[in-house]
Amino acid sequence: MTDLRTPVRAGVAHRLAALVEDALGASLPVRLRAWDGSETGPSDAPVVVLRSRRALRRLLWQPGELGLAQAYITGELDVEGDLAEGLRAAWTSARERGAHTPRLTLANWARAVGEAARLGAVGPRPPAPATEARLRGDRHTKARDRAAISHHYDLSNDFYRLLLDDTMAYSCGYWTAEDTDPADAQRAKLELICRKLGLTAGSRLLDIGCGWGSLTLYAAERHKARVTAVTLAREQAAYVREQVRERGLEHLVEVVCQDYRDITGSAYDAVATVEMGEHVGDEEYPAFAAALHRMVRPEGRVLVQQMSRGANAPGGGAFIEAYIAPDMHMRPLGDTVALLEAAGLEVRSTESMREHYVRTVAAWHRTLERRWDEVVALVGTETARVWRLYLVGGALAFEEGRMGVDQILSVRRDRNGASGLDLSEAADWYRDLV
């Protein structure tokens with residue numbers, strides 16, 4: 001006899017929620033709405049919308065982070081309300097069960113496939129979104145690195161002009177106050193780097209992975225340093241050369257489009273690499289650190305600003321590596337320090353800027369949403385959704401401490417052990433930053 005007090009839950013959302021909760025071993029952390037209009041889950045939570053059966057099929061073929069990302073990028077899955085809150089709820093649930101993705105038993109999997117078949121969602125593997133990186137060859141060959149960098153940084157200069165502030169700095173800013181303007185936060189970061197490197201008029205600076213030239217141009221204009229700017233991205237090199245001509249800095253700046261492994265210069269007074277080391281690769285990093293040591297003169301300084309990640313998740317993550325920065329590798333700060341010191345550099349200062357990146361990425365995300373129609377017109381809806389997911393997820397990763405970013409200052413001692421550092425100068429690094 002049917003219990004009339006128990007509601008019949010025949011809707012797609014209810015059937016899927018039962019599968020998810022069984023796999024999670026916990027209540028659904030978000031509200032779920034399916035293509036048939038059915039809904040279930042907490043009424044005050046962000047709403048995850050499955051717009052088609054293809055979203056479910058994609059998750060069957062690619063469970064976990066990458067399948068969810070693909071479904072979101074294509075619009076087969078969407079989130080109503082605050083996307084960050086939706087991701088935060090999912091991560092909280094993951095932490096509570098001690099894993100990032102559900103661990104499906106054979107019985108869970110069989111049940112999921114059977115339910116998907118009944119819902120008409122079983123079929124051939126859906127094609128990956130067009131925005132997914134498609135690299136060939138062994139990791140971190142020069143050709144593959146060039147393709148990886150091009151995938152991300154050659155998207156178009158016009159796109160990055162829309163997203164970034166007038167400094168065109170695509171790295172963590174330094175926020176001196178709650179209401180700091182994003183461009184001022186970037187200028188404060190650039191000034192801090194120049195002070196840590198001890199730049200003065202005529203100093204020879206090598207800027208490896210110069211991006212759109214924010215540090216190069218700032219060091220040349222403000223500190224009269226002579227800068228060699230190196231990038232592997234053709235679009236970036238063209239932009240920096242244009243800025244050098246417009247600002248009349250040809251006598252101070254040389255722009256080189258090449259792999260860092262092809263740099264032949266040495267005896268620089270200072271070397272900076274700002275959020276480029278993540279692209280080097282784990283096995284290649286010792287040689288990269290040795291190159292930094294070779295390029296700087298005795299008593300010269302090297303500043304590495306680099307993202308980090310916990311030992312249990314050292315890479316960039318499936319989504320970031322597939323759609324944003326292919327072949328990226330991050331490691332704990334201590335491991336990077338050890339690699340630099342093994343190369344002969346003496347690490348003198350490390351500074352965590354994790355909370356600064358929360359604000360930096362949030363500023364980029366606000367700009368993306370404010371200029372959404374312009375972004376879509378320029379790069380298309382799929383790429384715009386990739387960047388929305390990237391920025392929201394990145395800010396949350398920094399907020400929760402799953403990712404960090406650090407400035408690491410090191411020196412090359414001379415043969416007598418002298419570092420060239422004035423022990424009192426660190427007191428002036430932070431004085432009256434912009």
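Predicted model: local features only at pLDDT ≥ 70, side-chain atom pairs only at ≥ 80, totals over all residues.
In strand β9, the bridge partner of Ala272 is Leu303. On another side of the pairing pattern, Asp207 stands opposite Ala272, a residue of β8.

## Strand β8 and its neighbours

Strand β5, residues 204–208, pairs with β8 in the parallel sense over 3 bridges. The pairing of β8 with strand β9, residues 296–309, is also parallel and has 6 bridges. Between β8 and β9 the unit takes in helix α11, residues 285–295; together these elements make a right-handed β-α-β unit.

Two glutamates belong to this region. Glu275 is found in the loop between β8 and α11. Its phi is near 55°, a positive value in a residue other than glycine. With a relative accessible area of 7%, Glu275 is buried. Glu299, by contrast, lies within strand β9. The phi of Glu299 is near 70°, again positive in a residue other than glycine. Glu299 is partly exposed, its relative accessible area being 29%.

Helix α6 comprises residues 142–153, which are 12 in number, and reaches 16 Å from its first C-alpha to its last, close to the 16 Å expected at 1.5 Å a residue. The buried residues of α6 are Arg144, Asp145, Ala148, Ile149, His152 and Tyr153. Seen down the axis of α6, these buried residues fall within an arc of 145°, so they line one face of the helix. The spacing along the chain can be read against a general rule. An α-helix has 3.6 residues a turn, so residues three or four places apart point the same way. What covers the buried residues of α6 includes α7 (157–163), α10 (234–246), α12 (318–324) and α16 (381–399).

Helix α16 is itself mostly covered, with 15 of its 19 residues buried. At 1.5 Å a residue, the 19 residues of α16 should span 27 Å, and this agrees with its end C-alpha atoms, which are 27 Å apart. After α16 comes Gly401, whose phi is positive, near 80°.

## An open sheet of mixed pairing

A further element of the model is an open sheet of 4 strands in the order β2-β1-β3-β4, with mixed pairing. Its edge strands are β2 (39–40) and β4 (77–80), each of which pairs on one side only. Strand β1, residues 31–33, is joined by 3 bridges to strand β3, residues 47–50, and the two run parallel. Across this pairing, Leu32 stands opposite Val48 in β3.

## Arg58 and its surroundings

Arg58 is found in helix α2, residues 53–61. This arginine is buried, with a relative accessible area of 2%. Its side chain reaches the backbone oxygen of Pro127 at 3.1 Å. Leaving aside residues up to four places away in sequence, Arg58 touches Gly67, Gln70, Ala71, Thr74, Glu76, Pro126, Pro127, Ala128 and Pro129.

Ala26 is found in the loop between α1 (12–24) and β1. The C-alpha atoms of Ala26 and Ala362 are separated by 30 Å, and the two residues lie 336 residues apart along the chain.

Leu421 has its place in the segment after β11 (403–411). Leu421 and Val411 are 10 residues apart in sequence, and their C-alpha atoms are 8.3 Å apart in space. Not counting residues up to four places away in sequence, Leu421 touches Arg301, Arg348 and Val411.

## Accessibility of individual residues

| Residue | Relative accessible area | Class |
|---|---|---|
| Arg58 | 2% | buried |
| Glu275 | 7% | buried |
| Leu421 | 17% | buried |
| Glu299 | 29% | partly exposed |
| Ala26 | 33% | partly exposed |

The cut-off that separates these classes is 20%: a residue under this value counts as buried. Leu421, at 17%, therefore counts as buried, whereas Glu299, at 29%, is partly exposed.

Key: Residues numbered from 1 in each chain as written. Heavy atoms only, no water. Buried < 20%, exposed > 50% of the residue type's maximum accessible area, 1.4 Å probe, protein only. Polar contact = N/O pair within 3.5 Å; in protein donor to acceptor, adjacent residues only side chain to side chain. Contact = heavy atoms within 4.5 Å. Pairing = 2+ DSSP bridges. Right-handed = clockwise from strand over helix to strand, strands pointing away. Expected span 1.5 Å × (residues − 1). Arc of directions from axis to C-beta.
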